[in-house]
Amino acid sequence: MGTTPGDPTYTVTAEGAHDFARNSGNVTAKVGDVAEFDQVLTDDRIYIRGGTGTETMPWSYTDRADAKVQHMLRPPGNDAAHLLRQASMSSGYERFGTEKVAGAATTRYSAPLSHKALAFNMTKEARGKSDQLRDMMGGEIPVTTDVWVDAEGRAVRVRLSLDIPGSVSSTTTLTLGDLGLAVGVTVPTAEGSEDSEAFSG
């Protein structure tokens, strides 16, 4: 997660399964050694439970349409589909040779991420900050999109990276494995979850 100079750097790791056809999935996300959360994504909602240390919270949810980007390159609700959507909005991809990703032979392609893609689904506040940074830069914010594609034409890794020395840095990487396997998603019951206005994507 990107920070400004002098601020602590946060590493968020997430692992789970996603059914892109049904727009649903499940994720366990960790913020360093500080916090851990379980998430379930459905077409309509994002459910979340977890907490920090010994303090935990039960299942709560937010409407998926209300989950917005609050930090550059940080997909709301750890939504893998959001990251792929941003990458698909890039144009002018150039081939950068072949590489191994998780044991698979891939070809890496790279392109700049447009400001429209960077600001996709941002909150008003986050959009204002990104627009301000773009104006300070005097042009596009230098975000790079890298996509690794396997022999079957499938994206197996996507990386968005931003590094402005003395200002802000952030990298988000999505690695896809076990492609084509069935994904089972258990949705928390309505009785076991509460509507949450404080959900942070």
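This note covers charged side chains in the predicted model.

1. The model is predicted, with local features requiring pLDDT of at least 70 and side-chain atom pairs counted only at pLDDT 80 or more, while totals for chains, interfaces and linings use all residues. Residues are numbered from 1 along each chain as its sequence is written, and side-chain values use heavy atoms, with hydrogens and water left out.

2. The structure holds 11 salt bridges (a side-chain nitrogen of Lys or Arg within 4 Å of a carboxyl oxygen of Asp or Glu). One network of salt bridges links Glu99, Arg108, Asp146 and Arg159.

3. In helix α3 (residues 124-137), Glu125 and Lys129 are four residues apart, so about one helical turn separates them (helices are DSSP runs of H or I, at least four residues; strands are runs of E, at least two). Their side chains form a salt bridge at 3.7 Å, N to O. Both Glu125 and Lys129 are exposed (over 50% relative accessible area; buried is under 20%, partly exposed in between, with a 1.4 Å probe and protein chains only).

4. Asp131 forms a salt bridge with Arg127, with the closest N and O atoms 3.1 Å apart, and another with Arg134 at 3.9 Å, N to O. Arg127 lies four residues from Asp131 in helix α3; Arg134 lies three residues from Asp131 in that helix. Arg127 is partly exposed at 36% relative accessibility, and Arg134 is partly exposed at 28%.

5. Asp43, Asp44, Asp63 and Asp66 form a surface patch of negative charge (residues with over 30% relative accessible area and no salt bridge, like charges being joined within 9 Å). Asp63 lies in strand β5 (residues 55-63) and is partly exposed, with a relative accessible area of 40%.

Technical notes
Patch = residues over 30% accessible without salt bridge, like charges linked within 9 Å, V, L, I, M, F, W, Y side chains within 5 Å. Areas by Shrake-Rupley, 256 points an atom, 1.4 Å probe, with all protein chains shown as cover. Lys, Arg positive; Asp, Glu negative; His and termini not counted. Charge placed at Lys NZ, Arg CZ, Asp CG, Glu CD.
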